[in-house]
Amino acid sequence: MREKDFKRLVYIALMTALITVGTMVIQIPTPYTKGYINIGDSFIFLSASILGPFGGFISGGVGSALADLLSGYAVWAPWTFVIKGVEGLIVALLLRRKSTKYFIRIAVFILAAIWMVFGYYIGGAVMYGFKAALADVPGNIIQGIGSVIIGSILVESLSRIKYFKDLKQG
């Protein structure tokens, strides 16, 4: 394995762990679909902004699903893997340019958060019915808004550091 590939794998693993912990730190249970509100999406936005499509998908999907498994929400883990993985993929694909304007980045994060809300609505509807899933939409919207704000601050702050600029190029 080349050194560059090994470093990339380590960064993906590191971001996966950060997403897992970030998702588990603050959890507000939602009674209707037995899920929870968290700020893990902020770290998915960061990961996808730095690591690109593959890294964004893997770290977002695996990190968030792992948080579900470790937190006792195993029933949500398969849904979460797909929803959060695609969320990371959306961000990474739409932010491929090295210098993206701040407002474009926020718009991309909002689009990814909308996907997350929609994905969990569909997952909740399949598992618990449309009425129960609809009851959790406001909580997911709040989660999305909070994550867009926190993620924007994280990415904007860290994108100014030379190390992260170099990492994004690699």
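Valine 62 is placed in helix H2 of this predicted model. With a relative accessibility of 33%, valine 62 counts as partly exposed, because partly exposed covers the range between under 20% for buried and over 50% for exposed. Leaving aside neighbours within four places in sequence, valine 62 is in contact with Thr16, Phe57 and Phe81. Valine 62 and alanine 17 are separated by 45 residues in sequence, yet their C-alpha atoms are 9.0 Å apart in space.

**H1 against H2**

Helix H1 and helix H2 pack with their axes 6 Å apart, at an angle of about 50 degrees. H1 and H2 are therefore oblique to each other. The crossing of H1 past H2 is right-handed. Sorted by type, the residues of this contact are 16 nonpolar, 13 polar and one charged.

Threonine 20 is a residue of helix H1. Its relative accessibility is 5%, so threonine 20 counts as buried. Not counting residues up to four places away in sequence, threonine 20 touches Gly63, Leu66, Ala67 and Leu70.

**H2 against H5**

Helix H2 also packs with helix H5, here at an angle of about 40 degrees and with the axes 7 Å apart. H2 and H5 are therefore oblique to each other, and their crossing is right-handed. From H2, the contact is made by Asp41, Ser42, Phe43, Phe45, Leu46 and Ser49. From H5 come Gln143, Gly146, Ser147, Val148, Ile150, Gly151, Leu154, Val155 and Leu158. Eight of the residues in the contact of H2 with H5 are nonpolar, six are polar and one is charged.

**The nonpolar cores**

The largest nonpolar core has 19 residues. Phe45, Leu51, Val91, Phe109 and Val148 are those with the most contacts inside this core. At least two core residues are supplied by each of helix H1 (3-25), helix H2 (40-71), helix H3 (77-94), helix H4 (102-128) and helix H5 (130-158). Apart from this core lies another, of six residues, among them Trp76, Ile83, Met116 and Val137.

Phenylalanine 45 touches Glu87, Val91, Phe109, Ala112, Ala113, Ser147, Val148, Gly151 and Val155, with residues up to four places away in sequence not counted.

Valine 148 is a residue of helix H5. Valine 148 counts as buried because its relative accessibility is 9%. Valine 148 and phenylalanine 130 are 18 residues apart in sequence, and the distance between their C-alpha atoms is 26 Å.

**A loop residue**

Lysine 34 belongs to the loop between strand E1 (28-30) and strand E2 (35-37). Although lysine 34 is not a glycine, it has a positive phi of about 55 degrees. Lysine 34 is partly exposed, its relative accessible area being 49%.

**Accessibility of the residues discussed**

| Residue | Relative accessibility | Class |
|---|---|---|
| Threonine 20 | 5% | buried |
| Valine 148 | 9% | buried |
| Valine 62 | 33% | partly exposed |
| Lysine 34 | 49% | partly exposed |

Terms used:
Residues numbered from 1 in each chain as written. Predicted model: local features only at pLDDT ≥ 70, side-chain atom pairs only at ≥ 80, totals over all residues. Heavy atoms only, no water. Core = buried A, V, L, I, M, F, W, Y, C linked by side-chain atoms within 4.5 Å. Buried < 20%, exposed > 50% of the residue type's maximum accessible area, 1.4 Å probe, protein only. Helix = DSSP H or I, 4+ residues; strand = E, 2+ residues; numbered from the N terminus. Contact = heavy atoms within 4.5 Å. Axes fitted to C-alpha atoms, helices over the stretch in contact; angles between N-to-C directions. Parallel < 35°, antiparallel > 145°, perpendicular 65-115°, else oblique. Left-handed = near helix turned anticlockwise from the far one by under 90°. Nonpolar A, V, L, I, M, F, W, Y, C, P; charged D, E, K, R; others polar.
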